[in-house]
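The points below are grouped by topic and may be read beside the display.

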Amino acid sequence: MAIELPISMLYAGLLALLYFTLAVVVIRLRWRDSVGIGTGESKDLEVAVRIHGNFAEYVPFTLLLLVLMELTGASGMLLHAIGGLLFIARVCHAIGLRMSVGPSWARTVGVLGTFIVLLVEAGYMLGYVLGMQV
């Protein structure tokens, strides 16, 4: 019997397309700057690698938590709010770092949005487990 997780799958698909796009940016810059490993002297490539790496550091775990929430019966509205915020946050983070390696409104939205998602997911998980103990 297949388990249906349509909301998690929606955001996993959208985030996979974003991850693909970020990877293509890195590859194009590697070709442009003739850099096979590392970032060489290219600041553009260094930024693109960091954007891609940061995505890879945060998104898999937050998606796993989203799947667990959906499996435990979290409301669709909550799941869409979290998934939507995560997607918007990751787009903003990428835009923000491309705008400036320093602070920017988009990077701030990206970081805060990702951290809000993590904290809400953690709170849900702990509340779910502690609620089962009663």
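In this predicted model, the buried residues of helix α4 are A106, G110, G113, T114, V117, L118, E121, Y124 and M125. These buried residues pack against helices α2 and α3.

**Helix α4**

- Helix α4 covers residues 105–132.
- The 28 residues of α4 should span 40 Å at 1.5 Å a residue, and the 40 Å between its end C-alpha atoms agrees with that expectation.
- T114 is a residue of α4, and it counts as buried because its relative accessible area is 1%, under the 20% cut-off.
- Apart from neighbours within four places in sequence, T114 is in contact with Y58, L86, A89 and R90.

**Helices α2 and α3**

- Helix α2 comprises residues 43–71 and helix α3 comprises residues 76–99.
- The axes of α2 and α3 come within 10 Å and cross at roughly 175°.
- An angle over 145 degrees counts as roughly antiparallel, and α2 and α3 are therefore roughly antiparallel to each other.
- On the α2 side, the contact is made by V47, I51, N54, F55, Y58, V59, T62, L66, M69 and E70.
- On the α3 side, the contact is made by L78, L79, I82, G83, L86, R90, H93, A94, L97 and R98.
- By class, the residues of this contact between α2 and α3 comprise 13 nonpolar, 4 polar and 3 charged.

**Helix α1**

- Helix α1 runs over residues 6–33.
- With 28 residues, α1 reaches 41 Å from its first C-alpha to its last, which is close to the 40 Å expected at 1.5 Å a residue.
- Its buried residues are I7, S8, Y11, L15, L18, L22, V26 and L29.
- The buried residues of α1 pack against α2 and α3, and the buried residues of α4 likewise pack against α2 and α3.

- S34 is not a glycine, yet it has a positive phi of about 55°.
- S34 is exposed because its relative accessible area is 66%, over the 50% cut-off.

**Aromatic pairs**

- A search of the whole structure finds 3 aromatic pairs, and two of them, Y19 with F55 and Y124 with Y128, are described here.
- The rings of Y19 and F55 form a tilted pair, 5.3 Å centre to centre with 35° between the planes.
- Because Y19 lies in α1 and F55 in α2, this pair ties together parts that are 36 residues apart in sequence.
- Y19 is partly exposed, at a relative accessible area of 33%, whereas F55 is buried, at 3%.
- The pair of Y124 and Y128 is stacked, with 6.1 Å centre to centre and 20° between the planes.
- Y124 and Y128 both lie in α4, 4 residues apart, or about one turn of the helix.
- Y124 is among the buried residues of α4, whereas Y128 is partly exposed, with a relative accessible area of 34%.

Key: Residues numbered from 1 in each chain as written. Predicted model: local features only at pLDDT ≥ 70, side-chain atom pairs only at ≥ 80, totals over all residues. Heavy atoms only, no water. Axes fitted to C-alpha atoms, helices over the stretch in contact; angles between N-to-C directions. Helix = DSSP H or I, 4+ residues; strand = E, 2+ residues; numbered from the N terminus. Parallel < 35°, antiparallel > 145°, perpendicular 65-115°, else oblique. Contact = heavy atoms within 4.5 Å. Nonpolar A, V, L, I, M, F, W, Y, C, P; charged D, E, K, R; others polar. Phe/Tyr/Trp six-rings, centres within 6.5 Å; stacked < 30°, edge-to-face > 60°. Buried < 20%, exposed > 50% of the residue type's maximum accessible area, 1.4 Å probe, protein only. Expected span 1.5 Å × (residues − 1).
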